[in-house]
Amino acid sequence: YTLSGSLTRVSLDQLSALMQDAWASGHADATYRANAAGWDAARLLASATGSLSFDWRDGSLPHLVLAAGSPALRLRRFAGNITLEDRNLTLSKARLDTAGVSYQVAGTTSFARELKLVLAADGKHAFNISGTLERPRVAPLLRPQTEAALQ
């Protein structure tokens, strides 16, 4: 099977509700292409490959708090590319703009919703995000770790 197309003004609030976890809000546009083979869901998921370019605006990640005592992460814009292979989504060439800081974002998330991401900005603000989509863990990174993680 091959799928390709585009989506406009996808409500991430509604998508989160379908996933039974209010993990995101805002609206996004996307273009995608995916391939899969098989006769049942397990084989389709195991064989799935694809790519997606997205542009998410005016939203939030309610489960993600970058510093103790801070509110959940609000974004003005989050745009980048995602590739799908071996049940992992790999984020590349991504930029997340907040009210005060712009981050480069790179890393992976699995179909099991496990996160391995790095947010890095200007050498002062950098974070390692691990855990799950429902319960992300955020840890500050030092500059040398940040450079190694984003390469």
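Predicted model: local features only at pLDDT ≥ 70, side-chain atom pairs only at ≥ 80, totals over all residues.
Which residue takes a positive phi in the hairpin of strand 4 and strand 5?

Start with strand 3, which covers residues 49–61, and strand 4, which covers residues 73–85. These two run antiparallel and are joined by 11 bridges. You can pick out one of the pairs yourself: Leu 61 has Leu 73 of strand 4 as its bridge partner.

Now follow the chain onward to strand 5, residues 88–97. Strand 4 and strand 5 also run antiparallel, with eight bridges between them. Across this pairing, Ile 82 stands opposite Leu 91 in strand 5. Two residues sit between the strands of this hairpin, and here is our answer: Asp 86 takes a positive phi near 55°.

Next, look at the inside. The largest nonpolar core has 26 residues, and Trp 56, Phe 78, Tyr 103 and Val 105 have the most contacts inside it. Strands 2, 3, 4, 5, 6, 7 and 8 each give two or more residues to this core, and strand 7 gives the most, with four. Leaving aside neighbours within four places in sequence, Phe 78 is in contact with several residues, including Phe 54, Trp 56, Leu 91 and Val 105.

Finally, turn to the surface. Leu 3, Leu 7 and Tyr 32 make a nonpolar patch of about 270 Å² there. Leu 3 belongs to strand 1, residues 2–11. Leu 3 counts as exposed because its relative accessibility is 54%, and the cut-off for exposed is over 50%.

Conventions:
Residues numbered from 1 in each chain as written. Heavy atoms only, no water. Pairing = 2+ DSSP bridges. Patch = residues over 30% accessible without salt bridge, like charges linked within 9 Å, V, L, I, M, F, W, Y side chains within 5 Å. Areas by Shrake-Rupley, 256 points an atom, 1.4 Å probe, with all protein chains shown as cover. Salt bridge = Lys/Arg side-chain N within 4 Å of Asp/Glu carboxyl O. Buried < 20%, exposed > 50% of the residue type's maximum accessible area, 1.4 Å probe, protein only. Core = buried A, V, L, I, M, F, W, Y, C linked by side-chain atoms within 4.5 Å. Contact = heavy atoms within 4.5 Å.
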